[in-house]
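Good morning, and thank you for coming. Please look at the structure on the screen while I take you through a few of its features.

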Amino acid sequence: MEGWSSTAARREFIFMKKEFIKGKKLKNRSSYLSSDDDMVDITTTGTTAEGTLPKDLQFSTQDSEDIPGIGQYEDFHTIDWQRDIARDRMRHRYIVKKKKNSFLDTVKGAHDAWSGWLCVFLVGVVTGTVAGIIDIGSSWMSDLKFGICPDAFWLNMEQCCWSSNETTFGGVKGNCSQWRMWSEIFGSSRVGLWAYIVSYLSFIIFALSFAALAAGLVRVFAPYACGSGVPEIKTILGGFIIRGYLGKWTLIIKSIGIMLAVSAGLTLGKEGPMVHIASCIGNILTYLFPKYGKNEAKKREILSAAAAAGVSVAFGAPIGGVLFSLEEVSYYFPLKTLWRSFFCALIAAFVLRSINPFGNEHSVLYFVEYNKPWNFFELIPFIGLGVIGGCIATIFIKANVYWCRRRKATKLGQYPVTEVLVITAVTAVLSFPNPYSRMSMSQLIYLLFSQCGPSSSDGLCDYVYVSDNTSFETATSAEAGPGVYRAILLLLLTLVLKLVTVIFTFGIKIPCGLFIPSLCLGSIAGRIVGIGMQQLAFRYPHLWIFNGECDNSDDCITPGLYAMVGAAAVLGGITRMTVSLVVIMFELTGGVRYIVPLMAAAMASKWVGDALGKQGIYDAHIGLNGYPFLDSKEEFSHTGLAADVMQPKRGATLNVLTQDSMTVSEVESLMKRTDHNGFPVVVSQESQYLVGYVLKRDLMLAIANFRRNHEYFDEHAIVIFTSTSPQQSINAPPFLKLKKILDMAPITITDQTPMETVIDMFRKLGLRQTLVTHNGRLLGIITKKDVLRYVRQLGNEDPSSVLFT
């Protein structure tokens, strides 16, 4: 009965207030109880109700939707998923009811229904366009370190050589007459000591120039544009607010900076930042649709689709992008978000394919295809590659986290631009002498993925070919020549160099991704193992391990396949991806038949990584930065109760508001001397019976709005959160009614609730806080920060490392 009467009273109040403002006479109060078309309060969860019309209506608060800022969140705070989802449901019910009134309302209802699809369509189109621009720009600037095309300076080396038959993709840079090396421009020859010195110096100078420009742009215009952005996107999708992280300046500087950073030759990639860039695009476009722009929980549905589009354009893998968003970054992923993510990734991939930035009819530079089947005995080396990948991943994660923590704790973090320049200089100086470390990592991955043939000119394909009496020579019965062993030595040096440099590079203050370096490290290790297996099969084809499958002249080992499996192993070990990784890899290569080898390597890598370290690189950086992310995949053994974690502890004073006995000055004094994000509202200080919960931000905005709109404002006015007004003297100041900002249905638990249940509630309901009661009386409060600190304490970690709420 109480719930029904309060709802009816709320209906009556809203209608009566509107009629009162219009100056109409209220004749039939019961008639207002028959309709709730205008009964919409999008800022309050639960069954919040408004009381009967007060006599001093002009001194009550305005409708909460009329108060600017109500329902929004402050920077570095967690959203309330339940409140925002309830707001959207009430908004939707209101639109459905209004559809019956007029044709215009029907159109508005239809627009509301398809606005989500339109939004993700626009996100896909813009993401694909921006990705095409980034791919073209980074390819051109990367080749600028080696030379220029005099006839058309805007063309990269491959495009400049299209008119010539001299070019070989993945071969020596500048191997056609149309492309001019810097040694030719400043000298007269491509070879010789002077040519080598000029090329070396130009390589270093361009690398430092690109890196300095990227670091300067990030430092001056958009500090949030540094890093890969995936840990922060994962935290934001988990319900955390970081103002400006997905803004327009971050989008612009991240797009320009990633082109410059990749062109500088640093050990980083643009695939991770593409997720950040796509999320920026999604965030900006949501403001065209208030349904998503003004609701943080709904906005994260668009951001999940945008993250899928980012991976789709990064790897040309729309299905893998959707699975990446589902498996790796998204926290709230309903079925309709799955459909829209798929649609968004599809549109983004289609737009990028239409732009064709690489001129190879594919969305990535290193697309390859294999036609030969794999053999059952190869599962052993594939699993071995998974073990190797897990070990490499563990070394990288531990070393990188240690270095990032040291950077934060020392003065090194005060000189970000200097750090970028030093790492760039060291990388450039050490990379140029080695042809494999000199070329871009995308080209190196393509080279390692590719199969050898008679036309291949790289040392990796220096085999002693044996004719098989056909019209061409093949590498099927080939013995490795000296070029292969020299290439293996150079690849080992490249592996060590890339592993060391990526440890210091990931986390510096420029845009930097981790996908491409991971794939590069794994493909090097895989290609070396593949060559070893190939030579073993060539020399000892009758070994029992080969089971007679390598007895004939056909080649039973494909080293490029091992490179692909090794790449998946290292990337899976570093990021702890499994399903999405396998799908991305076979979309990259078109090798659906190699799903089993990829699955075996990915699982082995994950098992080894989990055995040697609990977290992937993104989760490690989330913990390093103190972000309030509650991982739904993590498992704990809890023995505590809610009473052990709640704040304050038993016997301490709990800061609360009373429903009808505190003045405005007392409320403002309580807000000033505490740093809480909200306050429970109780019947009285003596009874401590719970009435509801009010956010500090909403309370401050409501009081400020009331003070701004009323000339005669008394600090001694009583703040009430009830439907009825208490008795007061004639000369007393009017009441300040704030019930419309009160959540009358906050999530509550008892003090004997197990922490296992509490943590599950925070994970599955996306709670911001829960109130602890005993026999109906308020005892304390548990916030998400308290839960995270409790979890850290269970893991023998420092609870104070949780920095935000």
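Which cysteines form a disulfide, and how far apart are their sulfur atoms? Cysteine 149 and cysteine 160 form it, with their sulfur atoms 2.2 Å apart. A disulfide is counted here as a pair of cysteine sulfur atoms within 2.5 Å. In general terms, such a link is a covalent bond between the sulfur atoms of two cysteines.

Before I continue, a word on the source. This is a predicted model, in which local features need pLDDT of at least 70 and side-chain atom pairs count only at pLDDT 80 or more, while totals for chains, interfaces and linings use all residues. Residues are numbered from 1 along each chain as its sequence is written, and side-chain values use heavy atoms, leaving out hydrogens and water.

Let us return to the cysteines. A search of the whole structure finds 1 disulfide. Cysteine 149 lies in the loop between strand 1 (147-148) and helix 4 (157-160), and cysteine 160 lies in helix 4, so the pair ties together parts 11 residues apart in sequence. Helices (H or I, at least four residues) and strands (E, at least two) are DSSP runs, numbered from the N terminus. The torsion about the S-S bond of cysteine 149 and cysteine 160 is about 75 degrees, so this disulfide is right-handed.

Are these two cysteines buried or exposed? Both cysteine 149 and cysteine 160 are buried. Buried means under 20% relative accessible area, exposed over 50%, and partly exposed in between, using a 1.4 Å probe and protein chains only. Cysteine 391, at 34% relative accessibility, counts as partly exposed. Cysteine 404 is in no disulfide; the nearest cysteine sulfur, that of cysteine 512, is 9.0 Å away. Cysteine 404 is buried, with a relative accessible area of 5%.

An open sheet of 3 strands has the order 5-7-8, with mixed pairing. Strand 5 (657-658) and strand 8 (690-695) stand at the edges with a single partner strand each, so one side of each is left without a neighbour in the sheet. Two strands pair if DSSP finds at least two bridges between them. Strand 7 (residues 678-682) pairs with strand 8 in the antiparallel sense over 5 bridges, and glycine 678 stands opposite leucine 695 in strand 8.

Finally, the whole protein. There are 28 helices and 13 strands, and of the 805 residues, 58% count as buried.
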